[in-house]
Amino acid sequence: MNKLPPGPEPYDDADERYRRASALDPSRPGAAVRRAVLEHAAQVAAARAGVAAAAAPRPDERGGRRWKQRWWRPAAFAGVAAAALAGLMLAPHWLAPLAPPAAPVERDGAGRAPATTLAPGAALAPSAAVPTTPVPPSAGAPLFGHARPPAVAAAVPAAPPTAVAPPARHIVAAVPHSAAEQSYTSTGSAAPAERAAAQSLAAPAVPAERTAAQSLAGLRAPGGGDGEALRQAAASGDVAQLQSLPPGVADLDARDARGRTALMLATLGGHATSVAWLLAHGADPNAADADGTTPLQAAVAARQPEIVAALRHYGAR
Amino acid sequence: MTAVAETDEGLLRRYVLGNCDAFATLYRRHELRVWRYLERNVGNRASAEELMQEVWFAVARDAARYQPSARFTTWLFTIARNRMIDSLRTMRRLSSLDSLGYEAPGVLPQLTTEPGAGPLAAVLVHEEVAAVTRAVGQLPAEQRDAVLLQLEGELTLEEIASVTGSNVETTKSRLRYARSKLRELLREYA
């Protein structure tokens, strides 16, 4: 038979004796234990405080972060805007055809241009009739003409076609620039092509790459010859067309009105494959345009590292 | 007008917020009770000191996780008991507190009595403390554990049951048997 547990005795003499003995018991943990415990507690508290401080930034830090968030955005926008402005300033310098990039103007013995020329604006305004009178070249190249600041445009020397002594391989501008500058304000009596050009002046600025490609439209003149076709293919990055050109017929270094070769146009268009093809087929890597800009300089300015590498590989300076 | 002592829970909360003095107060307040619970359970001063350190390290480390739903003393003695069982299991690879046995205390620490009490009083204190220590040491482990949790930890029946993982009736029974045995042993030592 199981022994029944003793009855409840909440506080008896045993408890009292135990408590009295415990009060007299001198046994204690060593001082080293107490020291170690308190030191450990302090370390834990310090670590906890460090973690809390790291997790919760101080008010001035939060303010600093907000300040940083505030300041870098305008700075970034300002940087982008400055780069865009610089591009707009530089792109016309390198890319804008001051003269219509139409077909070479046949000159008579006196150096006078024929009465009928291709309207440069026809490339942008197909419905415009071909004028019977010379059209200001800048009006025919509105994509860059509008990007040029008026002060810069006015600073461009306006020389009659006969006053320009074209380089042997350059196509000469046929119409003085001053006529184009006049067309900016005299839209009332302007020819349809001039009006189209004037309307295009009011159009918003377009990216440099696009304008570079579109500017080539001005080069598309009927009967442009192999040099023209070559430049068109290079400017559009059409390697297949480059390869289809009859070998030996086209001059790889033939230039347009601004003195730009097919290599320069391919560089400006950012067409690395066309650049490589032209270089591989003997294009002059140092052929500068009328302003003295080399393809390497244009590639560096356009931040085209692949083209830069290719040009340097072929000895560009 | 007497100042009201800050509660254990308040002291622990202040320690979590970085006040180390609060932890020191807490330690001083419960040092001897935890010490006697450990020393009288394991019967070995060196092991008790090691456990004492581990217990209070755990209190400091886990203070932020303490939930005030339970009394601080319940939480403290739960830590102490778990550490003790883990330590003894590791040392002896035993799973039951009953099978852990008890190391009879060796030489009692040098007694200190009130100044001027004389050598006879010191001897009497020594004998009394030795009798109680021996009586507690002779209790079965689970009864000893329960009675020490009640006498040193001042835990209620429900709290002891919660700490030991048993039900209230079992705890009540252990306490009755323990107290009866203790009374019998102390009578023998008297």
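User: Let's start with confidence. What is the mean pLDDT of chain B, and what share of its residues reach 70 or more?

Analyst: Good place to begin. pLDDT is the predictor's confidence in each residue, from 0 to 100. Chain B has a mean of 83, and 80% of its residues reach 70 or more. This is a predicted model, in which local features need pLDDT of at least 70 and side-chain atom pairs count only at pLDDT 80 or more, while totals for chains, interfaces and linings use all residues. Residues are numbered from 1 along each chain as its sequence is written, and chains are lettered from A in the order in which they are written. As for scores of the model, ipTM is 0.82 and pTM is 0.46.

User: Where does pLDDT stay under 50 in chain B?

Analyst: Over residues 104-114 of chain B, for which the model has 18 contacts beyond four places in sequence. Where pLDDT is low, the predicted coordinates should not be read in detail. A contact here means two residues whose C-beta atoms, placed from the backbone, lie within 7 Å.

User: Is B:Asp62 buried or exposed?

Analyst: B:Asp62, found in helix H3 of chain B, counts as exposed because it has 12 C-beta neighbours inside 10 Å.

User: Which residues have the most contacts inside the largest nonpolar core?

Analyst: A nonpolar core is a set of buried Ala, Val, Leu, Ile, Met, Phe, Trp, Tyr and Cys residues joined through C-beta atoms within 7 Å. The largest has 52 residues, and those with the most contacts inside it are B:Tyr15, B:Val34, B:Leu38, B:Met52, B:Ala80, B:Val147 and B:Leu182. H2(B) gives the most to this core, eight residues. Leaving out residues up to four places away in sequence, B:Ala80 touches B:Val34, B:Tyr37, B:Leu38 and B:Val55. Another core, of 30 residues, lies apart from it and includes A:Ala233 and A:Leu252.

User: Which elements of chain B give two or more residues to the side that touches chain A?

Analyst: In total, 35 residues of chain B are in contact with 30 residues of chain A. On the chain B side, the elements are helices H2 (20-42), H3 (45-62), H5 (118-137) and H8 (168-189), with H2(B) giving the most, nine residues.

User: At what angle do H13 and H15 of chain A pack?

Analyst: Axes are lines fitted to C-alpha atoms, for helices over the stretch in contact, and angles run from 0 to 180 degrees between N-to-C directions. Angles under 35 degrees count as roughly parallel, over 145 as roughly antiparallel, 65 to 115 as roughly perpendicular and the rest as oblique. Helix H13 (residues 272-280) and helix H15 (residues 305-313) of chain A pack at about 5 degrees, with axes 9 Å apart, so H13(A) is roughly parallel to H15(A).

Notes: Helices (H or I, at least four residues) and strands (E, at least two) are DSSP runs, numbered from the N terminus. A residue is buried if 20 or more other C-beta atoms lie within 10 Å of its own, exposed if 12 or fewer, and partly exposed in between; C-beta atoms are placed from the backbone.
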